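Me: Please take a close look at one side chain in this model. Then show how the rest of the structure is held together. Keep it brisk.

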Amino acid sequence: MSDVEDKKQRWIKGVDGAISILQALIAQGGTASSSTLAAELGLPRSSFHRIVQILAGAEILSVGRGAIGVGALAAPLIECGIQRLVEECQICALANPPISAKTPLAPATRAQPVTFSKPLRVGRDYKRFRIGFSNVSLDNPWRVALVHSVEHGASHLGARIARLMIQHADNDPARQTEQIRDLVNEGIDGLIVSADDSPLVSGAVAEAMVRGIEVVMVDRPLRGAKPTSFVSTSDIAIGRTTALWLAETLNGSGAILMLPGKEEAEPARLRLDAARAVFAGFPQIEILDVTWTGWLRRIGHAASARAIERFGRRISGVWCDSGLQGVGSMQAFVAAGWQNGHIPPHTGGDLNLAYKLAIKHNVRMAAVNYPPSMGIRAVEVLYSALRGRYVPDRVDVPSEVILTRGSATLSIQPQLWAEDHVRWDLPDELVLSSGLGSAYNPWAFRIHYPGNVYNRSAAQAVREVDA
Amino acid sequence: MSVTETRGVVTLARILAQVATGEALGASAIAHTHSLSRSSVFNIVRELERAGFVLRRDDGTLVPGPAATALAWATYGLADLVEPAGAIMRWLYASIEGEVRLSAGSTTLLVLAGPARSPTDGEDLKITRRAGERSGPAEVQVSITLSASLEEVARADAVANLDRAVAALEGHLANRP
């Protein structure tokens, strides 16, 4: 061995010894007897004491009567830990809306324990991560806004990520499974998934996690998979709040249509179940018809047009879990010749056009937006997990109760008026609560993030033809 | 122990003491400030980074890493709580409108301050919960400080979230080895 190598080996031995002592002290809970520690580490006694002496001189350790503890340096280290936490909150603070915008917690949520996922890997704080987003489809404006939101989250992280890759599956679970496997083979560190409930996709997610890839589900959970985290909004709150408003608006009596979203998507099922549970408490409310709409405007339009033909003026209210199909329903009433102010009250917001139509035709409306900003939050949660942080198993992005002016009921008060929320200056297809700022326009959306050379979004908004 | 070994440990101690000051310096600035060999500082920083005692920020400056915080928290027997407690406090902070604080005895381990308040908000409302039975050198407490002007429903939600956070913390305290 050359002199230089020998010197390096000795030098490493001393540094390694010091690090081992600090690690052993942490494992021992902060205090340990010198002899136990020395024996455990197998360091020569003299070397052990010399290292301890040096570390104690720098106040990293404290030494007294055969025991070793943490020195006075603990106090400034705690301060630095606080600063680190503050910085982490600042990096991941895009999706945090004002808390005042929150809907009140449901009684069941208040009692729900909050649990956290342990990271699959540790100590990758400043690695640049490769992230994949597997998106079920782009078949409505909300899904376009979700993709824009994920892209915005990645853009905000900037050089902290190496690449964001996005794939759309056109509602085909087999295709989505294949895309997830492709993304994994591309070498991604973390994956965001929004999928219909399918054993195939659940299997692909489980395979990815076995390979050490953190997976954050967004918008829709998979019953067969246990991801790192699930980011959404309380669908039960959406269903319950809007149904209670409709029941109270009708003074507990009337005949209603129910137009839920997509049967294969758990959010739609949860909202419908929650709404049905509320209506069950109003025996004078009759449900005339329930039609799954797939959150598509044309199906919402067709369902209401059919119901108008069949039930005519008996219809006193329309419950929709989103304005995506709600706009089709309102347009069907207008097309059938119902005068402004006489169209039955509707529920379901999200889409700018829903607010425009409600205000223009004087339709009483209640909405709890399903915020696409959950895409930004999903990126933030994934980034935290990739850095080796614990993250909540479930993250609920807050949303507001929005009513048309004068439509408050005994139990449902607005946090925003629809008249203040609508954007007359922006396209009908704008999905509100996107977290992308007040100037966000889905037609003009351009974004830069690592992996996106031409600043084009992976989701181009499509103009929906009036039904 | 040889002079070379001793020199390595002295350098390590100086680096740790320097990063604990909170002054944002990179490895070469630390070498310059403390008249240490540049290559030694870079090599030791690499070892400290690997062990999690030091983190390198995007701008190259060094800060204490999670292992350094764990060492400090070990004073209160809470070394293994650093990461879960950080996640719980981040969650609580995102869930309420106000300040959240985790303490061991009279020492604040973590604090995240709420948004700026209006001077007309009135007195703050501080709510404190003890987390678990005292098992270490100090009692662990979580507290939130809310603006007095906060609506009653939001306040009730904040207290419910505080209780949920404390329950999560107690879960981690109870499951420690």
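What does A:D428 count as, and at what relative accessibility?

Reply: A:D428 counts as partly exposed, at 29% relative accessibility. By the rule, buried is under 20% relative accessible area, exposed is over 50%, and partly exposed is in between (1.4 Å probe, protein chains only).

First, the ground rules. This is a predicted model, in which local features need pLDDT of at least 70 and side-chain atom pairs count only at pLDDT 80 or more, while totals for chains, interfaces and linings use all residues. Residues are numbered from 1 along each chain as its sequence is written, chains are lettered from A and ligands numbered from 1 in the order in which they are written, and side-chain values use heavy atoms, with hydrogens and water left out.

Now the partner. A:D428 forms a salt bridge with A:K356, and their closest N and O atoms are 2.8 Å apart. A:D428 lies in the segment after α15 (418-421) of chain A and A:K356 in helix α13 (residues 352-360), so the pair ties together parts 72 residues apart in sequence. The term salt bridge means a side-chain nitrogen of Lys or Arg within 4 Å of a carboxyl oxygen of Asp or Glu. Helices (H or I, at least four residues) and strands (E, at least two) are DSSP runs numbered from the N terminus. A:K356 is buried, at a relative accessible area of 11%.

Over all chains, the structure holds 25 salt bridges. One of them joins A:D235 to A:R271, with 2.9 Å between the closest N and O atoms. Here A:D235 sits in helix α9 (residues 235-249) and A:R271 in helix α10 (residues 266-280) of chain A, so the link spans 36 residues of sequence. A:D235 and A:R271 are both buried. Elsewhere, a network of salt bridges links A:R143, A:D196, A:D219, A:R220 and A:K262.

Chain B has such pairs too. B:R56 and B:E49 meet in a salt bridge at 3.0 Å, N to O. B:R56 is partly exposed at 26% relative accessibility. B:E49 is also partly exposed, with a relative accessible area of 28%.

Next, the rings. The count is 4 aromatic pairs over all chains. Rings of Phe, Tyr and Trp (its six-membered ring) pair if their centres lie within 6.5 Å; planes under 30 degrees apart count as stacked, over 60 as edge-to-face and the rest as tilted. A:F129 and A:Y383 pair edge-to-face, 6.1 Å centre to centre with 75° between the planes. A:F129 lies in strand β5 (residues 129-135) and A:Y383 in helix α14 (residues 374-386) of chain A, so this pair ties together parts 254 residues apart in sequence. A:F129 and A:Y383 are both buried. A:F333 and A:W338 also form an edge-to-face pair, at 4.9 Å centre to centre and 90° between the planes. A:F333 is buried, as is A:W338.

Now the interface. In all, 57 residues of chain A are in contact with 69 residues of chain B; contact means heavy atoms within 4.5 Å. About 5,500 Å² is buried between chain A and chain B, and carbon and sulfur atoms give 71% of that area. Buried area is the accessible area (1.4 Å probe) that two parts lose on being put together, summed over both. The rule finds 2 salt bridges across this interface. B:E83 forms a salt bridge with A:R389, with the closest N and O atoms 4.0 Å apart. On the chain A side, α1 (3-27), α3 (45-57), α4 (74-91) and α5 (107-111) each supply at least two residues that touch chain B. By class, that side has 32 nonpolar, 12 polar and 13 charged residues. Ala, Val, Leu, Ile, Met, Phe, Trp, Tyr, Cys and Pro count as nonpolar, Asp, Glu, Lys and Arg as charged, and the others, Gly among them, as polar.

Chain B itself has 6 helices and 7 strands. Buried residues make up 54% of its 177 residues.

Last, the backbone. Most residues other than glycine have a negative phi. A:N251 has a positive phi, near 50°. A:N251 is found in the loop between α9 and β10 (254-259) of chain A, and at 70% relative accessibility A:N251 counts as exposed. A:D170 also has a positive phi, near 50°, and lies in the loop between β6 (161-168) and α7 (173-185) of chain A.
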